[in-house]
Amino acid sequence: MAIRDDFPILKREVNGFPLIYLDNAATTQKPQIVLDAMNEYYTSSNANVHRAVHTLAGEATEGYETCRQQLKNWFNAERVVMTSGTTEAINLVAHSWGRANLSAGDVIVLTEMEHHSDIVPWQMLAEERKIELRYIPVLEDFTLDMDIYAASLEGAKLVCVVHTSNVLGVRNPLEDIIQMAHANDTLVLVDAAQGVPHERIDFQECGADFMAFSAHKMCGPTGIGALLIDSEVFETMQPFMGGGDMIETVTVDGSTYQTDEHKFEAGTPRIAEAVGWSAALDWMSKLDLKKEHQRLIKIARWVAEQLRTMGMSVYGRHEELDSAVVSFLHPTIHSEDLAHLFDSRGFAVRTGHHCAQPLLNRLGIASTVRASFYLYNTIEEAQLFIEQLKEITERFG
Ligand code: PMP
């Protein structure tokens with residue numbers, strides 16, 4: 001299969017078995033083209049960006065800014081701030097927009113299915129500013145309670161919602177969520193860490209005010225991500241981190257700041273990572289993502305059905321727009337033990353609370369085993385996964 005051939009890591013063995021990598025919701029593997037691009041950058045163009053006229057600095061700057069431009073094109077976004085990932089992007093909004101716009105008594109609406117990175121920054125701000133946080137509950141069918149959402153908007157300044165849950169794979173009805181928020185003059189931040197890998201999002205069309213995501217979940221390197229900001233909101237925002245590169249002038253009496261995205265990018269940025277991300281976007285742009293997603297959600301649905309037949313508790317619904325993430329619990333084998341048994345057979349699956357403790361609390365569980373599928377996974381791997389689970393259950397269940 002052509003896609004698999006692009007990923008050298010898939011040829012390795014783990015514990016004497018061929019690697020079957022099903023931990024894609026945590027991070028995805030990197031195609032050779034990404035590794036080559038980063039290696040080539042360090043081998044022949046490495047320099048710091050923006051601050052020099054020499055040739056290498058020009059190449060480094062071009063590499064870095066090309067990634068920004070590619071992201072603008074990919075997401076149809078006017079303002080793309082490069083960050084270290086989703087987490088930093090959300091913290092940027094909390095520090096810059098949040099501190100300037102929120103004060104005691106203001107309301108932020110969150111959901112119970114947020115990742116910790118879209119909860120903790122708001123809790124910190126809430127404590128500092130005496131802001132009220134309202135959480136939209138998750139219903140029995142793993143969807144958000146939209147009635148409570150509608151009622152929670154009263155007085156809300158910001159809604160923070162995950163595009164697609166990293167535990168359930170459920171894709172939230174963002175279009176409705178954003179439209180309802182805007183009708184109430186409430187801004188919306190979308191945590192799209194799990195959305196961008198499987199859906200080509202048009203930022204301006206979707207209408208969100210902020211969108212955060214990481215390169216490493218879409219075949220790019222770790223350590224880099226982006227924050228898309230609505231251009232009008234962008235103009236109102238001030239930097240939260242000071243340093244080199246984000247200024248226009250500095251005197252001992254004070255400084256003025258850049259007015260474009262650089263105002264949020266103090267210090268030496270992630271240049272090699274940007275070059276790698278560009279290569280990943282080039283690679284992904286050659287695929288029919290929609291078709292690949294349909295193939296993957298079919299695999300996830302099949303796995304979920306098999307698991308239910310075997311008596312497992314499955315958390316998620318695996319509808320057409322959901323991501324190919326299957327979270328489950330074995331009736332008799334502890335999650336951690338199950339993950340170890342899988343690892344001893346070459347399978348990488350994740351277990352734990354997946355940085356979504358409020359969601360697991362709502363589900364009344366402490367952990368799940370999570371198998372998440374991505375572009376290079378095949379139905380044959382899914383079949384082997386189920387076969388192994390049957391064998392493990394017979395021996396240890
Ligand atoms: N949000 C969601 C939904 C995620 O799945 C993750 C990564 N597990 C994050 C945020 C945080 O991403 P990062 O660690 O790359 O900042």
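This is a predicted model: local features need pLDDT of at least 70, side-chain atom pairs count only at pLDDT 80 or more; totals for chains, interfaces and linings use all residues.
User: Where is D245 found, and is it buried or exposed?

Analyst: D245 is found in a loop, the one between α9 (231–236) and β11 (247–251). Buried means under 20% relative accessible area. D245 has a relative accessible area of 11%, so it counts as buried.

User: Which residue's side chain does a polar contact join to that of D245, and at what distance?

Analyst: One of the residues that D245 touches is H50. The side chains of the two are joined by a polar contact, so the pair must lie within 3.5 Å. The partner and distance are H50 and 3.2 Å.

User: Let's move to N166: where does it lie, and is it buried or exposed?

Analyst: N166 lies in the loop between β7 (156–162) and α7 (174–183). Its relative accessible area is 5%, and the cut-off for buried is under 20%. N166 is therefore buried.

User: Which residues around the ligand does N166 touch, not counting residues up to four places away in sequence?

Analyst: N166 is itself one of the residues around the ligand. Beyond four places in sequence, it touches A25, H115, Q194, V325, H354, A356 and R370.

User: How do the residues of the shell around the ligand divide into nonpolar, polar and charged?

Analyst: Sorted by type, the shell divides into 2 nonpolar, 8 polar and 2 charged.

User: How far is an oxygen atom of the ligand from T86, H216 and S214, and what share of the ligand's accessible area does the protein cover?

Analyst: A backbone N or O atom of T86 lies 3.3 Å from a ligand oxygen. For side-chain N or O atoms, the distance to an oxygen of the ligand is 2.8 Å at H216 and 2.7 Å at S214. Of the 390 Å² of accessible area that the ligand has on its own, the protein covers 84%.

User: Finally, what radius of gyration does the protein chain have, and why does it agree with a compact globule?

Analyst: The protein chain has 14 helices and 17 strands, and buried residues make up 56% of its 397 residues. A compact globule with 397 residues would have a radius of gyration near 21 Å, so the chain's value agrees: 22 Å.

How values were computed. Residues are numbered from 1 along each chain as its sequence is written. Side-chain values use heavy atoms; hydrogens and water are left out. Helices (H or I, at least four residues) and strands (E, at least two) are DSSP runs, numbered from the N terminus. Buried means under 20% relative accessible area, exposed over 50%, partly exposed in between (1.4 Å probe, protein chains only). Contact means heavy atoms within 4.5 Å. A residue is near a molecule or strand if one of its heavy atoms lies within 4 Å of it. A polar contact is a pair of N or O atoms within 3.5 Å; within protein, one must be able to donate a hydrogen and the other to accept it, and residues adjacent in sequence count only if both atoms are side-chain atoms. Accessible areas come from the Shrake-Rupley method with a 1.4 Å probe; for residues, only the protein chains shown count as cover. Ala, Val, Leu, Ile, Met, Phe, Trp, Tyr, Cys and Pro count as nonpolar, Asp, Glu, Lys and Arg as charged, and the others, Gly among them, as polar. The radius of gyration is taken over C-alpha atoms; the globule rule is 2.2 Å times the number of residues to the power 0.38.
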